[in-house]
Amino acid sequence: MTATSLPLVPKSADAQDTVCCAPIARQPLGEGEAAELAALLKAVADPVRLRLLSMIGSHAGGEACVCDLTDAFDLTAPTISHHLKVLRTAGLIGSERRGTWVYYWIIPDQVARLGALFTPLAVPAVTG
């Protein structure tokens with residue numbers, strides 16, 4: 001492993017010293033919010049569902065046909081459908097039937113909630 005040096009970035013004048021932590025560490029989650037976030041985390045806690053979410057999100061045009069997703073897995077079509085239903089029920093993906101096929105897309109706000117849960121709003125300034 002090689003060492004990497006990172007440049008120091010001066011703290012902006014409007015940055016707050018107290019806002020340094022990810023939302024999960026800033027204050028205790030309320031019961032309702034914890035239940036909502038747990039459902040999102042549970043939905044992506046499966047490797048197949050995490051891969052499906054990634055495949056849908058990175059697919060050209062921002063949406064993927066179920067026909068493009070099933071060949072990537074050594075699973076039956078009903079199993080893939082179950083995993084897609086879990087992601088859809090959690091609100092992470094949307095879907096629409098077009099003729100024979102169902103097309104899926106990411107719901108950006110829900111996926112962003114997951115990312116924001118662990119992302120600090122600001123990085124504390126390094127002094128020295």
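Surface patches are made of residues with over 30% relative accessible area and no salt bridge, with nonpolar side chains (Val, Leu, Ile, Met, Phe, Trp, Tyr) joined within 5 Å and like charges within 9 Å. I24, L29, L41 and F118 make one such nonpolar patch of about 330 Å². Accessible areas come from the Shrake-Rupley method with a 1.4 Å probe. The model is predicted; local features need pLDDT of at least 70, side-chain atom pairs count only at pLDDT 80 or more, and totals for chains, interfaces and linings use all residues. Residues are numbered from 1 along each chain as its sequence is written, and side-chain values use heavy atoms, without hydrogens and water.

The protein has 6 helices and 3 strands (DSSP runs; helices H or I of at least four residues, strands E of at least two). Their order along the sequence is α-α-α-β-α-α-β-β-α. The accessible surface is about 8,800 Å², and carbon and sulfur atoms hold 59% of that area. Of the 128 residues, 23% are buried (under 20% relative accessible area; exposed, over 50%; partly exposed, in between).

L41 is partly exposed, at 34% relative accessible area.

R49 sits in helix α3 (residues 47-58). R49 is buried but forms no salt bridge (a side-chain nitrogen of Lys or Arg within 4 Å of a carboxyl oxygen of Asp or Glu). D46, the nearest side chain of opposite charge, is 4.5 Å away. A polar contact of 3.1 Å links the side chains of R49 and H83 (N or O atoms within 3.5 Å, one able to donate a hydrogen and the other to accept it).

Terms used: Buried means under 20% relative accessible area, exposed over 50%, partly exposed in between (1.4 Å probe, protein chains only). Lys and Arg count as positive and Asp and Glu as negative; His and the chain ends are not counted.
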